[in-house]
Amino acid sequence: MFKICLHVQLFCDIITFKLNYKILQIFSFYSLFEDFAAGVVDKMLCKVNSMGLVGLSAYMVTIEVDVSVGMPTFELVGLPDAAVKESRERVRASLRNCGYDFPTGRIVINLAPADVKKIGPLYDLPILLGIMKASGQINVDFKKSCFFGELSLGGDVRKCSGILPMVIEAKKLGFDNVFVPKYNACEAGVVKGINVFGVKNIYELIRFLKGENCISKACFSDQGFDSPEFDVDFSDVKGQKLAKRALEIAAAGGHNVLLIGSPGAGKSMLAKRLPTILPRLSFSEAIEITKIHSIAGQISSEKPLIKTRPFRAPHHTISTAGLSGGGPYVRPGEISMAHNGVLFLDELPEFKRDVKEVLRQPIEDEEITITRAAASVKYPCSIMVVAAMNPCPCGYFGHPVRQCTCSRFKVQQYLAKVSGPLLDRLDIHVEVAPVEFGQLTSGQKEESSQKIRARVEKARQIQYNRYKNHKFSSNSRLSSSQMKKYCILTDSARVMLKNAFDKMGLSARAYDRIVKIARTIADLDSSDNIQSKHIAEAIQYRSMDRKYWKH
Ligand SMILES: Nc1ncnc2c1ncn2[C@@H]1O[C@H](COP(=O)(O)OP(=O)(O)OP(=O)(O)O)[C@@H](O)[C@H]1O
Ligand SMILES: [Mg+2]
């Protein structure tokens with residue numbers, strides 16, 4: 001009896017399933033008929049152009065949209081990340097809320113090339129346009145244009161990161177027009193030779209595409225490179241002749257610096273003023289910096305182009321990923337954000353050991369490679385590292401007046417937090433002595449940053465001319481073999497260096513650093529050869545490690 005009941009139940013289930021399937025078929029056929037009747041499904045496949053990013057390099061992304069008859073579905077393929085996948089809901093809502101139709105058929109969207117991960121919500125706008133065209137709601141030729149933009153549910157176009165490198169690539173690929181979020185229009189406008197249109201919302205864009213002249217071209221004037229503006233100046237710093245001179249040499253040759261001194265001696269104050277004496281940026285350097293900051297989403301519409309060298313001062317609690325770059329979207333870290341500028345590491349011993357060691361390779365190579373499961377990307381990081389530290393935990397070891405309260409062991413333990421290899425890479429070591437009362441209160445006018453910068457730029461020009469056939473342009477980048485060619489010592493300078501080498505027990509690396517610093521000092525002196533006075537000055541910037549670290 002039970003078995004019979006079971007069979008009857010099964011039979012009923014099959015009949016119900018078949019019935020449901022039939023109803024569904026009829027419904028889908030009806031909706032197809034309705035779509036045809038309304039003329040909605042008339043064009044099936046269309047392509048819209050956009051761009052993607054791997055590191056600093058942009059590549060073209062073609063958004064292929066296919067709207068066909070069938071069960072209402074929405075497929076997004078071509079390695080989209082979560083943000084790209086969610087575009088379905090944003091596009092659907094924006095279309096509906098702006099009075100356009102979201103087609104009822106089967107929608108397949110492919111982001112080509114299909115083997116590179118697509119990241120971020122910037123494909124919302126091209127996807128929407130593709131759907132509108134494929135469903136016959138607009139009839140515009142997209143061949144010569146590129147589109148970027150995240151959509152709000154109400155159809156507003158929101159800002160995106162990485163616009164500048166993508167627009168540069170769009171121009172290289174021969175596109176005539178780029179449509180970017182209004183917020184990013186000034187940033188994109190920096191690129192000459194391509195029409196940039198800043199889009200506020202999709203109403204406006206559709207009207208424009210249909211021929212109304214409702215969006216004007218964004219443009220940018222590249223003025224302001226000759227007189228960079230800073231909030232601080234070297235004339236604020238009283239006295240500190242030695243430290244100022246050391247920073248001038250560092251700026252002239254692109255050397256890394258370590259400032260060591262007691263609390264309140266003025267280390268941070270001096271370091272913050274270093275960008276004010278660095279050579280002014282060229283337009284191409286400014287573009288390089290702005291590209292990196294654009295990828296990090298840190299470009300404001302008021303300052304679309306970065307015209308001053310970056311000064312990045314990460315806190316000592318920073319992680320290795322924060323410093324070198326990374327995260328799920330592989331964003332540039334502080335090292336790359338400081339590209340063509342200064343990375344200031346205040347309280348150097350307090351940084352975690354692995355964070356400090358991460359610095360070693362990019363300081364030498366001027367680029368950093370970040371490898372993640374999704375991709376391996378390279379970011380440039382041509383930086384000057386300026387580090388500041390106290391000589392011991394209480395800060396007064398070696399102070400002329402105040403007594404240090406730390407034991408010898410504690411001082412050594414503290415100093416050992418800065419490893420030998422890292423110390424070696426910090427070319428110039430300067431002891432910042434506390435400023436005297438007389439100097440602090442004197443009304444004497446100190447030299448302005450502008451005057452110091454003039455000398456730095458002159459020395460840099462000498463280096464540009466000397467290294468015009470090389471990829472580098474500053475003394476700090478000389479290799480040992482190039483040093484033989486470009487660092488010619490006079491006889492007396494050679495004797496002085498030999499004596500110092502024997503007496504101080506210098507390492508080969510320390511020898512190289514001294515010669516490079518001496519080369520910069522000679523350039524500041526407009527001297528072709530390195531003289532003994534240049535060597536003597538250079539040696540004093542490498543002698544402090546012996547006082548504290550006893551190397
Ligand atoms: N040479 C100077 N001329 C004018 N003001 C100075 C000078 N040196 C220090 N000061 C004043 O002292 C303050 C503290 O200096 P700063 O923060 O640079 O010291 P620091 O060496 O970095 O100390 P810490 O080791 O505690 O970080 C400055 O903000 C500035 O007001
Ligand atoms: Mg400080």
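The crossing of helices α21 and α22 is right-handed, and that's a handy way into this predicted model. Zooming out, the protein chain has 23 helices and 18 strands. Of its 551 residues, 42% count as buried. If you take the contacts with a separation of 6 or more, 74% of them come from residues 24 or more positions apart.

**Two helix pairs**

- A quick bit of background: two packed helices are described by the angle between their axes and the distance between the axes.
- Helix α21 covers residues 508–524 and helix α22 covers residues 532–540; their axes are 8 Å apart, at an angle of about 125°. That makes α21 oblique to α22.
- Who touches whom here? On the α21 side you'll find Ile514, Ile517, Ala518, Ile521 and Ala522, and they meet His534, Ile535, Glu537, Ala538 and Ile539 of α22. By class, that contact has 8 nonpolar residues, 1 polar and 1 charged.
- Now look at helix α8 (residues 241–253) and helix α18 (residues 449–466), whose axes cross at roughly 40° and come within 8 Å. The crossing of α8 and α18 is right-handed.
- From α8, Glu248, Ala251 and Ala252 meet Ile452, Arg455, Val456, Ala459 and Arg460 of α18. Sorted by class, this contact of α8 with α18 has 5 nonpolar and 3 charged residues, with no polar ones.

**Around ligand 1**

- How many residues surround ligand 1? There are 16, and the closest are Pro263, Gly266, Lys267, Ser268 and Met269.
- Helix α9, which runs over residues 267–272, gives the most to this shell, with 3 residues.

**A closer look at Gly266**

- Is Gly266 buried or exposed? Gly266 is buried, because 23 other C-beta atoms lie within 10 Å and the cut-off for buried is 20 or more.
- Skipping its neighbours within four places in sequence, Gly266 is in contact with Val237, Gln240, Val432 and Val435.
- Take Val432: Gly266 and Val432 are 166 residues apart in sequence, yet their C-alpha atoms are 7.3 Å apart in space.

**Helix α5**

- Helix α5 (residues 163–172) is mostly covered, with 7 of its 10 residues buried.
- The buried ones in α5 are Ile163, Leu164, Pro165, Met166, Val167, Ile168 and Ala170.
- Just after α5 comes Gly174, which takes a positive phi of about 90°.

- The peptide bond from Ala112 to Pro113 is cis, with omega near 5°. Pro113 lies in the loop that links strand β4 (106–112) and helix α4 (124–134).
- Glu347 isn't a glycine, but its phi is positive, near 60°. You'll find Glu347 in the loop between β14 (342–346) and α13 (353–358).
- Why does Glu347 count as partly exposed? Glu347 has 14 C-beta neighbours inside 10 Å, which falls between the limits of 12 or fewer for exposed and 20 or more for buried.
- Glu366 is not a glycine either, and its phi is positive, at about 60°. Its place is the loop between α14 (360–365) and β15 (367–371).
- Glu366 has 14 other C-beta atoms within 10 Å, so Glu366 is partly exposed.

How values were computed: Residues are numbered from 1 along each chain as its sequence is written. Chains are lettered from A and ligands numbered from 1 in the order in which they are written. This is a predicted model: local features need pLDDT of at least 70, side-chain atom pairs count only at pLDDT 80 or more; totals for chains, interfaces and linings use all residues. Axes are lines fitted to C-alpha atoms, for helices over the stretch in contact, and angles run from 0 to 180 degrees between N-to-C directions. Helices (H or I, at least four residues) and strands (E, at least two) are DSSP runs, numbered from the N terminus. Angles under 35 degrees count as roughly parallel, over 145 as roughly antiparallel, 65 to 115 as roughly perpendicular and the rest as oblique. A crossing is left-handed if the near helix is turned anticlockwise from the far one by less than a right angle, and right-handed if clockwise. Two residues are in contact if their C-beta atoms, placed from the backbone, lie within 7 Å. Ala, Val, Leu, Ile, Met, Phe, Trp, Tyr, Cys and Pro count as nonpolar, Asp, Glu, Lys and Arg as charged, and the others, Gly among them, as polar. A residue is near a molecule or strand if its C-beta atom, placed from the backbone, lies within 6 Å of it.
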